[in-house]
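Colleague: I have this model open and would like to learn how to read its packing. Could you walk me through it?

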Amino acid sequence: MRDAKLFLITGKGGAGKTTVAAALGSIFARYKERTLLVESVADGSLARLFGQERFASQPHMVRDHLFGVRVDPSLLLEGYVSRILPLPWLAQRLLASSAFRALGAAAPGVSEFLLLERIAMWVDPGFWRRRERYHRVIVDGPATGHMLHLLRAPRQLLNLVPGGPLHRSLLGIQALLSDPQRTRIVVVTLPEELGIEETAEAYRVLEGELFLPVAPPVVNRTPSCPFQAEERERILRRGDRGPVYAAARYVIERRGLAEVLIRRLRRQIGRKPVLLPELERPPTKETALRPLALALEPLLDLGTPATIESGSHAIPR
Amino acid sequence: MPSRDSFVQSTLSPVGIGAILEHKIVLCLGCGGVGKTTIAAALAVAAAERGKRAAVLTVDPARRLKTALGLQAMDHRVHSVALGAGLSMDALMLDTKRMFDTLVERFAATPEAAARIFHNRIYQELSNELAGSSEYMAMEKLHELVSTGRYDTIVLDTPPSAHVADLLAAPNRLLTLLASRAVKILKAPTVLLDEARSAAAKVSLQVLIKALERLTGLPLLRDLADFVSGFEHMLDGFARRARETQELVRSRDTAFVLVTTPHPQTMRSTYLFCQELRELGCEPSGVIANQVLGFDESEDTENKADPLFDKLWANYERLRALGRQQARSLRALCNDTHLPLLAYTPALARPPGSVRDLRHIASQLAGTKPGCT
């Protein structure tokens with residue numbers, strides 16, 4: 001399987017970032033790829049999908065081929081300092097200083113840098129730690145605004161830091177993020193006006209401004225409609241005929257609006273969105289992710305034909 | 001438009017929004033995508049319909065709602081929205097960057113000092129994205145609106161923060177940051193040396209500082225020091241404002257409303273929001289449920305002959321079952337949080353896009369017939 005190593009999942013709050021991250025992890029693990037799921041906003045929701053209370057702050061096995069880790073912001077600084085400073089006592093001394101910790105918390109961009117640096121280390125831990133290497137690293141990332149902020153950080157910091165080891169780390173991170181062979185940013189949205197607008201805007205920034213490799217957008221919870229085209233027309237023509245018709249009009253209009261928005265998104269970004277069906281209830285365990293994983297496969301270079309736009313979820317052009 | 005299912009109505013038995021609208025400030029809280037902006041706007045409409053001078057401060061409205069409220073992109077001015085029948089309310093949108101600039105201008109000792117901050121690279125690149133700055137500025141804007149004394153009721157649509165604390169503690173957080181030891185260190189990294197008690201420690205710290213400088217590059221430290229010392233002179237002004245804002249929000253004049261949808265994940269977040277709010281010492285007034293499915297009872301005999309009837313009926317039954325499930329879950333949420341359900345709005349296939357839509361939602365919230373005041 002060819003495809004990116006690093007998947008950064010983002011989207012508006014509640015759009016289904018965690019669900020998509022879990023479904024992707026589930027696909028890769030099924031293909032027997034060593035996959036690391038990273039919970040960057042550690043609320044345990046990703047871990048719960050795999051039957052765990054929460055992921056630990058060091059990568060650990062969740063099940064065959066699948067590993068999980070939670071990002072603990074308070075440990076990032078420690079990890080970074082002890083990795084770059086050659087002498088343990090020096091690192092300890094520095095970390096013991098409350099002043100240094102305050103500095104780490106206050107300086108703008110530091111927390112962003114530390115998170116990206118940590119992720120980059122999981123993607124490529126280097127020669128001496130090559131046994132800890134993963135085929136795929138999937139990051140359940142922050143919401144779109146924060147993610148854009150995060151992805152802008154290396155550039156902004158490069159402007160501020162003209163040289164030194166930090167500069168070199170930043171260059172490495174920047175190279176990883178902008179490499180289409182290694183990285184894929186996935187934007188998840190619901191078929192709702194605000195989410196679709198925000199997604200189009202995120203694409204404009206990610207592709208047009210930051211030149212980062214972006215996957216087709218994922219539209220989650222696309223409503224289905226039990227009525228065929230001619231049935232819809234007939235129902236809408238009949239006007240107000242009581243609650244049974246009102247219920248029918250509700251599903252038809254909801255589906256209609258979603259179609260309009262998805263077409264608009266496709267026009268705006270020039271990419272065909274991947275549509276995920278609306279499940280009766282939100283997935284609470286991995287097996288419930290199956291229909292989503294199936295729908296997501298076209299997003300990946302797995303050599304399978306794209307079948308996403310068949311069946312009741314096809315959006316007519 | 002779906003109307004009300006008697007089971008949904010009796011399960012939820014909303015207590016009404018009358019008491020909420022008697023507050024000077026109504027803060028709408030909830031996670032992203034629940035329709036906070038819509039509910040906030042509709043609450044302001046409901047207040048205006050009760051003869052109050054009302055305003056809604058929105059953060060990031062959808063385009064159609066923005067148009068309905070007469071707001072343009074990046075426009076921070078107050079707009080008067082005509083609601084018909086001689087009623088009106090004010091609407092405005094938060095512009096974080098501009099609000100920050102305004103505050104810097106106000107508190108800087110001299111115009112030159114303000115200019116120095118505006119020209120600082122760190123301010124330029126980060127003032128818009130500084131930790132919690134949009135939350136902070138929302139609070140500041142609220143303070144500004146209250147100070148005008150022009151309104152009886154101000155409804156605030158809050159930024160989509162992951163945590164309530166981000167919003168309520170935002171003003172304090174920036175201040176704590178600026179007043180912290182970090183400030184001193186940033187201004188002169190050699191302050192670290194004061195910590196050293198022995199000569200050996202001093203030497204090791206000197207090595208560290210050198211390493212730090214090499215690591216970060218000196219210009220970064222210089223820019224930071226400049227930024228931080230520029231702000232330091234305004235700390236008093238900022239601190240006073242932050243205190244006033246905190247008092248305002250924590251006074252009896254402020255009501256907290258939790259906005260939720262009946263989606264299970266959303267309700268989970270709402271529950272956590274409520275807990276966090278209480279940990280911060282704020283008691284929410286109740287829950288407003290947005291987008292609840294509910295269709296009238298029907299025995300529908302006249303449409304039985306329709307060839308589509310079976311399909312129509314199956315769809316109707318499915319949505320009714322879903323609506324009842326939603327009502328039960330919402331009731332459980334209210335029981336778990338010991339909060340009253342203030343009001344609910346029926347699920348709409350389309351989001352509101354006009355003043356008429358908003359008035360309709362306002363009437364649903366108020367439990368009156370559409371168009372009645």
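Colleague: Which residues does P284(B) touch, not counting residues up to four places away in sequence?

Modeller: Two residues are in contact if their C-beta atoms, placed from the backbone, lie within 7 Å. By that rule P284(B) touches F256(B), V257(B), L258(B), C274(B), L277(B) and L339(B). Bear in mind that this is a predicted model, where local features need pLDDT of at least 70, side-chain atom pairs count only at pLDDT 80 or more, and totals for chains, interfaces and linings use all residues. Residues are numbered from 1 along each chain as its sequence is written, while chains are lettered from A and ligands numbered from 1 in the order in which they are written.

Colleague: Does P284(B) count as buried or exposed?

Modeller: Buried means 20 or more other C-beta atoms within 10 Å of a residue's own, exposed means 12 or fewer, and partly exposed is in between; the C-beta atoms are placed from the backbone. P284(B) counts as buried because it has 21 C-beta neighbours inside 10 Å.

Colleague: Where is P284(B) in the chain?

Modeller: Helices (H or I, at least four residues) and strands (E, at least two) are DSSP runs, numbered from the N terminus. P284(B) sits in the loop between α15 (264–279) and β7 (286–292) of chain B. On the way there, α15(B) is followed by G281(B), with a positive phi near 85 degrees.

Colleague: How do I read the buried side of α15(B)?

Modeller: An α-helix has 3.6 residues a turn, so residues three or four places apart point the same way. In α15(B), the buried residues are T266(B), M267(B), S269(B), T270(B), F273(B), C274(B) and L277(B). Seen down the axis they fall within an arc of 155 degrees (taken from the directions from the helix axis to the C-beta atoms), so they line one face of the helix.

Colleague: And how do α2 and α17 of chain B cross?

Modeller: Axes are lines fitted to C-alpha atoms, for helices over the stretch in contact, and angles run from 0 to 180 degrees between N-to-C directions. Under 35 degrees is roughly parallel, over 145 roughly antiparallel, 65 to 115 roughly perpendicular, and the rest oblique. The axes of α2 (residues 36–49) and α17 (residues 355–366) of chain B come within 8 Å and cross at roughly 75 degrees, so the pair is roughly perpendicular. Among the residues making the contact are A42(B) of α2(B) and L358(B) of α17(B).

Colleague: How much of chain B is buried?

Modeller: Buried residues are 45% of its 373 residues, and chain B has 17 helices and 8 strands.
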